[in-house]
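Biologist: I would like to learn how to read a model of this kind feature by feature. Could we look at it together and begin from there?

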Amino acid sequence: MSRTEAPPTAQRQGAGPVLGVVGWSGSGKTTLLEGLVARLAQDGLRVNIVKHSHHDIELEPPRKDSARLRLAGAAEVMIASPYRIAIMRELRAEPEPGLDELLARLSPADLTLVEGYKWTSLPKLEVHRPGLGKPPLFQDDVTILGVISDAARPVDAHAGLAWLDLNDLGQVVEWVCGWLKSQPQVRGEAAVKD
């Protein structure tokens, strides 16, 4: 999406406010999200995550009952226990579902964070480490509202772009909570703590 296109909405059906976290492989997205989710959950927010992977996903040992049933031809297998549930859906020849379809399957939350889906139109934060030698994404993507980086703000960054310190999780949490408060349909306004 170019800088001239209108920014997308943060609301997606069923998921509450949705905020993407993008960046090149090795930039620290998952580490940042781990800390961010822990702090937000500690403050009483219900946070969902959608993580995209380009690799095959194996969630169970091949000889377990659920894997055997899935491999036998079941379209979806739900595993349920007193601790968690998981649904595994075999795509076989079907195309990968779009992000909106995946978000619609989630339970309601105060915030849904999406790792990956770099080119999808949704509000995003970019994790950028110039040391990786990869170009920044924010220069060509109007949906990137802020950059979380271990480098100083470049002079060519547009004025409305937030620039956050990758080594200051508190600053990132504060920005996300401020962004959440600005969303018109946040369910748990009182849950967003200062």
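**Reading the features in turn**

Modeller: Let us start with one residue, keeping in mind that this is a predicted model. At 45% relative accessibility, R105 counts as partly exposed, because that class covers the values between 20% and 50%.

Biologist: With which residue does the side chain of R105 meet in a salt bridge?

Modeller: The partner is E76, and the N to O distance is 2.9 Å. The pair links distant parts of the chain, since E76 belongs to strand β4 (residues 76-80), R105 sits in the loop between α3 (99-104) and β6, and 29 residues separate them. E76 is likewise partly exposed, with a relative accessible area of 38%.

Biologist: How many salt bridges does the structure hold, and in which strands do K51 and E115 lie?

Modeller: The structure holds eight salt bridges. In one of them K51 pairs with E115, their closest N and O atoms being 3.2 Å apart; K51 is in strand β3 and E115 in strand β6, 64 residues apart, so that this pair too links distant parts of the chain. E115 has a relative accessible area of 5% and is therefore buried, the limit for that class being under 20%.

Biologist: Which parts of the protein does the pair of R89 and E101 tie together?

Modeller: The side chains of R89 and E101 meet in a salt bridge of 3.1 Å, N to O. R89 lies in strand β5 and E101 in helix α3, so the bridge ties together parts that are 12 residues apart in sequence. R89 is partly exposed, with a relative accessible area of 31%, and E101 counts as partly exposed at 39%. Salt bridges that share partners join R89, E94 and E101 into one network.

Biologist: Turning to the whole chain, how many helices and strands does the protein have?

Modeller: The secondary structure comes to four helices and nine strands, and along the sequence they follow the pattern β-β-α-β-α-β-β-α-β-β-β-β-α. Of the 194 residues, 40% count as buried. Among the contacts with a separation of 6 or more, 56% come from residues 24 or more positions apart.

Biologist: How should I read a helix, and which residues of α1 are buried?

Modeller: Helix α1 (residues 29-42) has 14 residues and reaches 20 Å from its first C-alpha to its last, close to the 20 Å expected at 1.5 Å a residue. Its buried residues are K29, L32, L33, G35, L36 and L40. Seen down the axis of α1, these buried residues fall within an arc of 165 degrees, so they line one face of the helix. On the other side of α1, T31, E34 and Q42 are exposed, and just after the helix G44 takes a positive phi of about 95 degrees.

Biologist: Against which elements do the buried residues of α1 pack?

Modeller: They pack against the strands β2 (16-22), β3 (47-51), β6 (111-115), β7 (124-128) and β8 (144-149), and also against α4 (169-181). Helix α4 has 13 residues and reaches 18 Å between its first and last C-alpha, close to the 18 Å expected at 1.5 Å a residue. The buried residues of α4 are V172, V173, W175, V176, C177, W179 and L180, and they pack against β2, α1, β6, β7, β8 and β9 (162-165).

Biologist: Finally, how should I read the surface, and which residues make the nonpolar patch?

Modeller: The accessible surface comes to about 11200 Å², of which 53% belongs to carbon and sulfur atoms. M78, I85 and I87 make a nonpolar surface patch of about 300 Å². I87 is found in strand β5 (residues 85-89) and counts as partly exposed at 39% relative accessibility.

Notes:
Residues are numbered from 1 along each chain as its sequence is written. This is a predicted model: local features need pLDDT of at least 70, side-chain atom pairs count only at pLDDT 80 or more; totals for chains, interfaces and linings use all residues. Side-chain values use heavy atoms; hydrogens and water are left out. Helices (H or I, at least four residues) and strands (E, at least two) are DSSP runs, numbered from the N terminus. The expected span of a helix is 1.5 Å times one less than its number of residues. Buried means under 20% relative accessible area, exposed over 50%, partly exposed in between (1.4 Å probe, protein chains only). The arc is that of the directions from the helix axis to the C-beta atoms. Contact means heavy atoms within 4.5 Å. Patches are made of residues with over 30% relative accessible area and no salt bridge: like charges are joined within 9 Å, nonpolar side chains (Val, Leu, Ile, Met, Phe, Trp, Tyr) within 5 Å. Accessible areas come from the Shrake-Rupley method with a 1.4 Å probe; for residues, only the protein chains shown count as cover. A salt bridge is a side-chain nitrogen of Lys or Arg within 4 Å of a carboxyl oxygen of Asp or Glu.
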